[in-house]
Amino acid sequence: MNIQDDRQIVAILGPTNTGKTHEAIERMLRRPTGIIGLPLRLLAREVYDKVVDKAGLGAVALITGEEKIQPPRARYYICTVEAMPLERQADFVAVDEIQMCADPERGHVFTDRLLHARGRKETLFLGAETMRPRIADLVPDARFERRERFSTLTYAGSKKISRLKPRSAVVAFSVDQVYAIAELIRRQRGGAAVVMGALSPRTRNAQVALYQNGDVDYLVATDAIGMGLNMDVDHVAFAGRTKFDGHRMRMLAPNELAQIAGRAGRYTKDGTFGVTGEVEALEDQAVAAIENHRFAPIRALQWRNSNLRFASVAHLIRALEETPGREGLTRAREADDLAALRLAVEDRQIAELASHPDRVRLLWEVCQIPDFRKTAPAEHVALISRIYRFLLAEAEVIPSAWVADQLRRIDRVEGDIDTLSKRLAFIRTWTYVANRGQWLENAAEWREETRAIENRLGDALHAALTQRFVDRRSSVLMRRLKQKERLVAEVSDKGEVTAEGHYLGRLDGFRFTIDETATSEEIKTLRSASMSALAAEFTRRADKLYLSPDSEIDVTEQGGLMWGTDAIGKLSKGDTPLAPRVQVFVDDIAGTDVAEKVERRLTHWVGRRIASLFEPLMAMRDDEAISGLAKGVAFQLVEAMGVIPRQAIANDVKQLAQEDRGMLRKHGVRFGQHNIFLPALLKPAPARMRLILWALWNDLGEIPDAPPAGHVTVPADDNMPQGYFETVGYRRCGARAVRIDMLERLADLLRPMDVRAGFEATPDMLSITGCTLDQLADILSHMGFKAERGERPKPPRPAPQPAEATPETTTEPIGEAGEDKPTETDAAVEPAPEVAPVPEAEAAPETVEPEAPAPQDQAPPPESNAPMAEDTTPADAGSDDTVDAEPEAEVFYTFTLARRPRPGGQGHGHGHGRGQNRRQDGGNRGKQGQGGKRGKAKPGDQSKSGKPKHGERKNAAPRDKPVDPHSPFAVLQQLKKP
């Protein structure tokens, strides 16, 4: 092929087994210099070995997050996509598996390479045909080349694992499933090789060699084999179609299945694919798409801003949260590095240390250390924080003694597969750190040391995998079962039930699951063999559960009861909403004593959990000092589990005496304008439990998801059952639902506004609701206001201020660290639905010590549209160099109180304003003087009809009355006087 001298961008697209990667290698070797970015470290190592064979060891570099081989005269760089040295100019640049741009976890990295990675002479993008529309949109200069598959791929239907033909690969999507299938194949077919993405290249290559050399005829793997690992596979069988993508379990799309199934039939040899185990047969539509390589095009690519600002941590986070301004791109979900950064700066010392752009940049680099260990986020951030402090110390490196101590704990080759796998994950972290040369003294020596430890652990893991999953002897267990011989059964610490060393099934919690591969004839014998061990095991587990701390038990979003990782029961409807029943998951063979003990323990735990989460509510319910009408209000609050719309009990609230109100407030009750609630019960934990209990009490088949913790407003889903938003502590206002405490704060901000003349939204209103201006207008429209939209010239831009939080992510959390305490508006009123506030001059809230409203940063008034007078015309007006430019327009809303018919049809008025509420209230709000009560209005202040005179306010206090120093509202009124 003749290579053009002019710079060219080529997208080579097509299914698997088309030779795309091989062609990229050949085209790169024709150039003086080149860089190839690959999706996996394993694949990068495989390509590196191929290029070394052709170009020589000194000409090729390998750069991944955990491995760096960089000869001084290297001309070709083989890298993972994340590690591509984009600052290095090369004649040839290629990115493999470019369809990974749509991957939720890593897609933003591939998208960045699509947009910015370029070779001086030639750039190649290799991947699936589904990327053609997106590449065409984002890279207009790209030329497309399609490659057809060398062999045919055919669907073979469903087969049992025991009936799979040799040279088959079984694909699963969890480590436990991979191990279980490999163990089964070992018992039935002599053995299997195991390939997973978490393996080191050394271990993976050794396992593949077992398969390629014919030592075993079966391969059990995760979807890691779908990214270019070339093996002689004739058939691919899916043992699952769902995978955990880092956030949730989801079904694999047809194009993802095709990427894995395409491993069958290398080069010109045809291949087949199908399903196995309990996986349902593939749909005809999916089969046709895979066989014909026709899939729906990718609609949006994941994107994250790569133009970062390091002036401060806040600037960095805002840059990372920026949204793409280009069609076809969508902002990537929060990655692990950004989550680690947020968590790290919660440490005040770390936040103070990151006080300079260079330090912020260093902190970001440290936060990008991958969590190979998959530990708790706090543990990973603790390691990051310690490394960061070391790098800011006087030596500016991580102490060698400390690193040596960490490696000494990892450098041990004894242990089982899980233990060795964990140590390999730990050493990968230090291999990554060692490859950051400036972080360690003698970095080259540390790289050699970490690589040596990884190789030793990789060899040990390979030996352990081979010993466990490669055994050519026929299963002794299956022979004895057929002969109906008595078996001696045992139960391991992990719940695996074995007989004479052979697997029978699994004990999860208090339920025994027989080996899925057992035939119907074997099930009875297997159960009988297991009972001798399970009887004692059930009793032991019940005793352990009874003595275990409450922290080991938890409830799921769907009301399931978990003991560690085992499901041992679920909640069901009880006699009252706050007293659900417990249904336990205990096998009949365990006996009634075990079942009763488990049920008793779980019932006690549920009672304590509810009492802890709803402690303010329980205390109010049990307070004997509350009596009369206050006790009735308290009872209704308990029935509603702490949140009730004010309208539902408006009559009772209106009749409450101030002493009753004080008694309820003592227990945390807030009398809001729209809701009566206990703010402490809006925290995420009690809110989720309230949702579970409410759903059980209302016999909902499936418990809806709770709103994301900390979100001030959420979209109002019409599919949610009636009462859902009130239960989770939100109030629906049009297209969105607002958290009720924030709604009350919004009402406090609206109170001093001139609702008759009209007002505009303030920054505090937008901040409290976490909404855009249009969304706020919709919310206020459903609170009884009329929103009129307008445009005007945009005022001069003020000095840059920290950006307000965006909708959906703006949080005003009510949590353990800091509880939201908005000003109460608990006047004794009976509001109509969607009560709208009116100016503070008409009515003041009835709180004892309300918070004074924060000063508002009001935008400057728009410039006048009136014509400019002649004497104010600039001197250079009319100059040829002057260009008239229209001022930039901004959208604004003017809000006024909606006019609604008065009760009985007598004219129109502000039916949802404070004036009407005050009249219904009998003037309770107007009585404030010494001690929080008003004095009576002077004679003549109102007409005989009881209405205020024209231009006067109802119940207005005399101007010459002394200021009550104990009344913040009186003080505020004095401050407002001119």
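1. Val366 is in contact (heavy atoms within 4.5 Å) with Ile384, Ile387, Tyr388, Leu391 and Trp439, residues up to four places away in sequence being left out of the count. The largest nonpolar core has 70 residues, and those touching the most other members are Leu341, Leu363, Val366, Ile387, Ile398 and Trp430. A nonpolar core is here a set of buried Ala, Val, Leu, Ile, Met, Phe, Trp, Tyr and Cys residues joined through side-chain atoms within 4.5 Å. Buried stands for under 20% relative accessible area, exposed for over 50%, and partly exposed for the range in between, with a 1.4 Å probe and protein chains only. A second, separate core of 63 residues includes Leu504, Met618, Val633 and Ile644.

2. On the basis of the model: it is predicted, with pLDDT of at least 70 required for local features and 80 or more for side-chain atom pairs, while totals for chains, interfaces and linings use all residues. Numbering runs from 1 along each chain as its sequence is written, and side-chain values use heavy atoms, with hydrogens and water left out.

3. The chain as a whole has 978 residues, of which 49% count as buried. Its secondary structure comprises 30 helices and 36 strands; these are DSSP runs numbered from the N terminus, helices being H or I of at least four residues and strands E of at least two. Among contacts in the chain with a separation of 6 or more, 69% come from residues 24 or more positions apart.

4. The structure contains 9 aromatic pairs. Rings of Phe, Tyr and Trp (its six-membered ring) pair if their centres lie within 6.5 Å; planes under 30 degrees apart are stacked, over 60 edge-to-face, and the rest tilted. Trp402 and Trp430 make an edge-to-face pair, with 5.5 Å between centres and 75° between planes. This pair links distant parts of the chain, as Trp402 belongs to helix H14 (residues 400–410) and Trp430 to helix H15 (residues 417–434), 28 residues apart. Trp402 is buried at a relative accessible area of 12%, and Trp430 is buried at 6%.

5. Which type of aromatic pair do Tyr893 and Phe895 form? The pair is stacked, at 6.1 Å centre to centre and 20° between the planes. Both Tyr893 and Phe895 are buried.

6. Two arginines lie over ring faces. The criterion is NZ of Lys or CZ of Arg within 6 Å of the ring centre and within 35 degrees of the ring normal. Arg167 is placed over the face of Tyr211, 3.9 Å from the ring centre; Arg436 is placed over the face of Trp439, 4.9 Å from the ring centre.

7. Helix H6 (residues 201–212) has 12 residues and spans 16 Å from its first C-alpha to its last, close to the expected 16 Å, where the expectation is 1.5 Å times one less than the number of residues. Its buried residues are Pro201, Thr203, Arg204, Gln207, Val208, Leu210 and Tyr211. They pack against helix H2 (41–55), strands S10 (168–171), S11 (193–195) and S12 (218–221), H15 and helix H16 (443–469). After H6 comes Gly214, with a positive phi near 85°.

8. In helix H20 (residues 615–622), the residues Pro616, Leu617, Met618 and Met620 are buried. The buried residues of H20 pack against helices H19 (592–613), H21 (628–639) and H23 (658–666).

9. Most residues other than glycine have a negative phi. Glu97, however, has a positive phi near 55°; Glu97 lies in the loop between S6 and H3 and is buried at 8% relative accessibility. His293 has a positive phi near 60°; His293 is in the loop between helix H8 (284–292) and strand S17 (301–303) and is buried, with a relative accessible area of 16%.

10. Arg106 is located in the loop between strand S6 (92–95) and helix H3 (107–116). Its C-alpha is 9.6 Å from that of Val81, 25 residues away along the chain. Arg106 touches Pro39, Leu40, Glu82 and Met100, with residues up to four places away in sequence not counted.

11. How many disulfides does the structure hold? The number is 0, a disulfide being a pair of cysteine sulfur atoms within 2.5 Å. Cys79 is buried at 0% relative accessibility, and Cys367 is buried at 2%.
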